[in-house]
Amino acid sequence: MNAAHPLTRASIFTQAWPIMLGQASVPLVGIVDTAVIGRTGDATALAGVALGATIINLVFWTFGFLRMGMTGLTAQANGSGDPREVDALLLRALGIGFALGVAVLALSAPIGQLAFAIMAGSDAVTSEAGGYMQGRFYGAPAALAVYAMNGWLLGLGRTREALALQIAMNLANVALDIWFVWGLDMGTFGVGLGTACAEWLALALGLVIVSRVAGANLIALTRRTPRALLFDRTRLLRLFAVNRDIMIRTIALLLLFAWFANAGARIGAAALAANHVLLQFVNVAAFILDAFAFTAEERVGRAYGARDRQQFMRSIRLTSEFALASGVVFALAFLLAGDAVIDILTTDAQVRAEARRFLPFAALVPLVGMSSWMLDGIFIGTTRGRALRNAGIAATILYVALDYSLRPLDNWGVWIAITASYLLRAGGLALYFPGLLREIKVPTLPGSIKRPETRP
């Protein structure tokens with residue numbers, strides 16, 4: 001590990017806190033989207049945003065490998081002292097991300113039709129969801145390119161730059177949502193369009209940021225990167241293999257959460273809206289605790305690239321300590337302040353009552369979910385796509401079976417099943433951990449290997 005990046009609790013927190021702030025602003029957008037519509041008192045519109053957001057997340061995060069795969073691959077390239085490959089990874093991912101986003105935008109109409117044919121929801125809810133999705137799809141090319149830039153920055157440990165990009169996008173999103181919905185009365189379409197516009201602004205800012213980190217703008221970076229390296233067959237095959245497995249894993253988990261939303265829709269609009277409100281609590285905990293998982297991705301990935309077993313294990317231990325402590329804090333905070341937050345997010349009395357009934361489940365998720373999020377970070381950092389894929393598929397299948405068996409319990413069964421799904425994910429990945437550890441067979445002694453270069 002390079003001396004400029006000591007592996008201590010202080011350095012872990014220094015690296016993680018910008019991600020925490022950036023990640024905290026991600027669910028803030030969902031909270032604002034929910035509050036902007038929820039405080040109109042229209043439960044149907046709120047349910048429409050819930051359904052539409054679920055579908056958009058399913059579509060966009062199908063390509064979440066652009067963030068996750070990039071972090072692990074970039075960290076390993078940096079850890080092995082290969083700065084040219086670091087540059088090439090950025091160029092490859094940006095090109096792939098933007099092209100995929102254009103394809104998603106072009107296919108937005110049939111994607112929406114297929115989603116509504118599968119998802120349960122009334123005609124009124126579906127209409128509101130369609131307006132939201134129409135607005136969001138306009139931002140697809142920018143959103144997927146931003147995924148790639150974020151993954152690259154996190155893989156280099158450049159968390160402050162990633163924070164600046166995330167904060168700028170989310171603040172713009174909040175302002176535009178409020179203006180489009182409350183100012184221009186654009187309804188659910190305005191919520192989606194506000195997010196899309198913010199994503200394009202983030203793309204412009206992100207190109208400036210990555211150019212400064214790389215020491216050259218995108219054109220100069222392309223010129224200085226050898227074509228033979230950029231299109232190297234072995235590296236491209238590895239990129240696609242890792243990303244393929246992570247994509248399959250991501251689709252499986254997105255289907256899991258889409259099933260959760262659909263389960264609420266099956267019960268009724270009030271349950272769907274209440275579950276969406278509580279999902280904002282879960283998102284806050286998940287995104288902020290992901291700061292330590294993201295830090296683990298970079299630290300573990302760099303140690304794995306350098307084949308440094310001692311730093312590998314220490315990275316896991318220190319990041320997991322922070323994640324566990326944070327999970328306890330979130331659980332207590334949700335129990336103590338949850339009722340007040342629910343009242344802020346919605347004015348509908350039935351939705352408020354339903355959300356309060358199931359608030360303890362939202363408080364439990366940070367504790368039971370911590371292990372699955374940290375194991376995700378470890379396996380993403382080491383680009384163990386096959387393990388991530390298999391564990392994700394198995395967890396989703398078992399979750400669906402559990403949800404079916406608990407349907408007589410109505411929304412109680414919905415929440416029991418989704419809470420158990422985190423344990424299923426963690427258990428699946430834990431089975432692969434001994435094999436991962438065996439790959440780094442001999443602890444590295446100080447000074448016994450050449451230290452990798454650190455990206456400026």
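Tutor: The chain has 19 helices and zero strands; helices (H or I, at least four residues) and strands (E, at least two) are DSSP runs, numbered from the N terminus. Its radius of gyration is 21 Å, close to the 23 Å that the globule rule gives for 456 residues, so the chain is as compact as a globular protein of that length. That radius is taken over C-alpha atoms, and the globule rule is 2.2 Å times the number of residues to the power 0.38. This is a predicted model, in which local features need pLDDT of at least 70 and side-chain atom pairs count only at pLDDT 80 or more, while totals for chains, interfaces and linings use all residues. Residues are numbered from 1 along each chain as its sequence is written, and side-chain values use heavy atoms, with hydrogens and water left out.

Along the principal axes, the C-alpha atoms fill a box of roughly 65 × 45 × 35 Å. Of the 456 residues, 57% count as buried, where buried means under 20% relative accessible area, exposed over 50%, and partly exposed in between (1.4 Å probe, protein chains only). Among contacts (heavy atoms within 4.5 Å) with a separation of 6 or more, 85% join residues 24 or more positions apart. The accessible surface comes to about 17,800 Å², and carbon and sulfur atoms hold 67% of that area; accessible areas come from the Shrake-Rupley method with a 1.4 Å probe, and for residues only the protein chains shown count as cover.

The patch itself consists of Leu324, Val328, Leu332, Leu335, Leu336, Leu364 and Leu367, with about 670 Å² of accessible area together. Patches are made of residues with over 30% relative accessible area and no salt bridge, with like charges joined within 9 Å and nonpolar side chains (Val, Leu, Ile, Met, Phe, Trp, Tyr) within 5 Å. A salt bridge is a side-chain nitrogen of Lys or Arg within 4 Å of a carboxyl oxygen of Asp or Glu. Helix H14 (309–345) and helix H16 (359–381) each supply at least two residues of the patch, and H14 gives the largest share, five residues. Val328 lies in H14 and is partly exposed, because its relative accessible area is 39%.

Phi of Thr383 is near 50°, a positive value in a residue other than glycine, and Thr383 counts as buried because its relative accessibility is 11%.
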